[in-house]
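Subject: Structure handover

Hello,

Here is the structure I promised to pass on. Please open it alongside this note, and read the findings below in order.

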Amino acid sequence: RSAAVVRVHLRRQYPRRSGALATQASLPALWSARMRWRLGRDSLWRWLSGACVALSLLAVVALLALIAVRGLAHFWPADIERLTLENGQQVAGIPRGGEAESRRYFTANRDLDGQVWRWIAVDSIVERETPASLVYVQRRDWGPFIGRLAAVTTPAGERLRGDAAESRLHQALAGDAELATLSLHNVEGRDVTLPFAQVQSLAWPNRMHVGDKLLAWVDGVWRFLSEAPGDGRVEGGVWPAIFGTLLMVILMSLVVTPFGVLAALYLNEVARQGPVTRLVRIAVRNLAGVPSIVYGVFGLGVFVYGLGGQIDRWFYAEALPSPTFGTGGLLWASLTLALLTLPVVIVATEEGLARVPGTLREGSLALGATRFETLKRVVVPMALPSMLTGVILAVARAAGEVAPLMLVGVAKLAPEIPLDGEFPFLHLESKFMHLGYHVFDLGFASRDAEAAMPLVFATATLLVAVIVVLNLTAILLRHHLRARHRALERS
């Protein structure tokens, strides 16, 4: 019968040679031919599967590379061009792409021109040059300024010009001297007086070599990582958002891990398996598909208005009607995200517990161990990698969630981090910044979306990096525990 089946396959695959194969081939030869055909077909599917995986990885890497390049290029000091137009007007700006017929320039000087972008027709440009005298000043208010340095004024009232002004300015930037004001003018000759305290950074990009620009790029990246947001959140850094994201994820993990693990242990090891338990499992899995904004509404109603309002009435009555815990804050955001990710931890932990062989439980009980000791020393250690897998998935989802945070505590601007030297040191009632919400706010709620777009890419790159670091930490911990468990098994 096996030979007949093989002959049918061979007739379908090799119709011209089917008669000879059917009459001459023995059963082992026919079986060998069928196996070679099946292996060839399986190899084709393996190659197709591998190609799909490779294309997916390349697409992800290309997307991350695009975001990173467009974000990090923002901190590179680009040359400033001075354009002379047909009508005699002069314009200074940094080219930011464009089309064949027109180019877009970042001209800064919002306080003088009311805008920072300008499209200029290529045909209208008579002359284009990069003078070494053009300076790029980053201000705390009104954003960047592009023009020339006219003079500097010392606290004693001395007014310096030319090389003396630049020398004193460099000393002031290094902290070796003091200045009162800077006198600047744009390429059209309009003057601006700027207090030196308003200067965040200052550079002459057209004079800088590659090494100087690289140092300036490193300094710009460091400022972005270590400073608070500045004017309109378009300038400055994202340090409060980094700290808020990390702290919120850590608090969420500390809450969701014990509750998720205990719930999974009860459902898989303690509860009687029946219709009620199956119904609970179905409910838990359905909770994983609930939109995140629904959890935000639940957190606003139960945690903020319900629990937080009751805490205010009990312990902060003297501060009412101004709420203390009855408003959005770090604690309520962490608890809301803990509820959001709880089904993920429960499902992952249950799958790990189900993979523990029942014979190990029976052997432990047969040796005289109690049920609690069996769970503690046999079942839980073997399921620990799966528990950490659930925590990893929870961290990855919680770090990128934005919708529920908009209702339970995230702020557009909170330059002070919720950690200081005053008791209780960690202020859980404080509002905080979040990298995901900062991306949304920069891209859709800033006063100049085009100027903020490079910072959107930079912040998105940083958010991905934070999630990768958190996941790698959990993965390394899981690998360490798994290797330790295998070593105990061998011993």
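**The β9-β10 hairpin**

G189 takes a positive phi near 90° in the hairpin of β9 and β10, which has 5 residues between the strands. Helices and strands here are DSSP runs, numbered from the N terminus: H or I with at least four residues for helices, E with at least two for strands. Strands pair if DSSP finds at least two bridges between them. Strand β9 covers residues 181-185 and joins β10 through 5 bridges, with the two running antiparallel. Within that pairing, L182 stands opposite L194 in β10.

Strand β10 (residues 191-195) has two faces. V192 and L194 make up the covered one. D191, T193 and P195 make up the uncovered one. In a regular strand the side chains alternate between the two faces of the sheet.

**What you are looking at**

This is a predicted model, where local features need pLDDT of at least 70, side-chain atom pairs count only at pLDDT 80 or more, and totals for chains, interfaces and linings use all residues. Residues are numbered from 1 along each chain as its sequence is written, and side-chain values use heavy atoms, with hydrogens and water left out.

The protein has 15 helices and 11 strands. Of its 491 residues, 41% count as buried. Buried means under 20% relative accessible area, exposed means over 50%, and partly exposed is in between (1.4 Å probe, protein chains only). The accessible surface comes to about 27100 Å². Carbon and sulfur atoms hold 62% of that surface. Areas come from the Shrake-Rupley method with a 1.4 Å probe; for residues, only the protein chains shown count as cover.

Contact means heavy atoms within 4.5 Å. Take the contacts between residues at least 6 apart in sequence: 65% of them join residues at least 24 apart.

**The five-stranded sheet**

In what order do the 5 strands of the open sheet run? The order is β4-β3-β2-β1-β5, and the pairing is antiparallel. β4 (117-121) and β5 (125-129) are the edge strands, each pairing on one side only. From one strand to the next, the twist averages 45°. That angle is taken between N-to-C directions, on a scale from 0 to 180 degrees, using axes fitted as lines to C-alpha atoms (for helices, over the stretch in contact).

Strand β1 (residues 81-85) pairs with β5 over 4 bridges, in the antiparallel sense. L83 stands opposite R128 in β5. R128 is partly exposed, because its relative accessible area is 44%. Which residues does R128 contact, leaving aside its neighbours within four places in sequence? They are E81, R82, L83, R103 and Y105. E81 is 47 residues from R128 in sequence, yet their C-alpha atoms are 6.6 Å apart.

**Backbone points to check**

Two residues sit in the loop between β3 and α4: A108 and N109. In that loop, β3 is 102-106 and α4 is 110-113. A108 has a positive phi near 55°, though it is not glycine. N109 is also a residue other than glycine with positive phi, near 55°. A108 counts as buried because its relative accessibility is 0%. N109 counts as buried at 4%.

The peptide bond from L320 to P321 is cis, with omega near 10°. P321 lies in the loop between α9 and α10 (330-354).

**One more strand residue**

T153 belongs to strand β7 (residues 144-153). It counts as buried, at 16% relative accessibility. With neighbours within four places in sequence left aside, T153 contacts E158, R159, L179, A180 and T181.

**The nonpolar patch**

A nonpolar patch lies on the surface, formed by I293, V294, V297, M406, L407, F440 and F444. Together these residues have about 650 Å² of accessible area. Patches take residues with over 30% relative accessible area and no salt bridge; like charges are joined within 9 Å, and nonpolar side chains (Val, Leu, Ile, Met, Phe, Trp, Tyr) within 5 Å. A salt bridge is a side-chain nitrogen of Lys or Arg within 4 Å of a carboxyl oxygen of Asp or Glu.

Which helix gives the most to the patch? α9 does, with 3 residues. α9 (292-315), α13 (405-408) and α14 (435-444) each supply at least two. L407 is in α13, and at 30% relative accessibility L407 counts as partly exposed.

Best wishes
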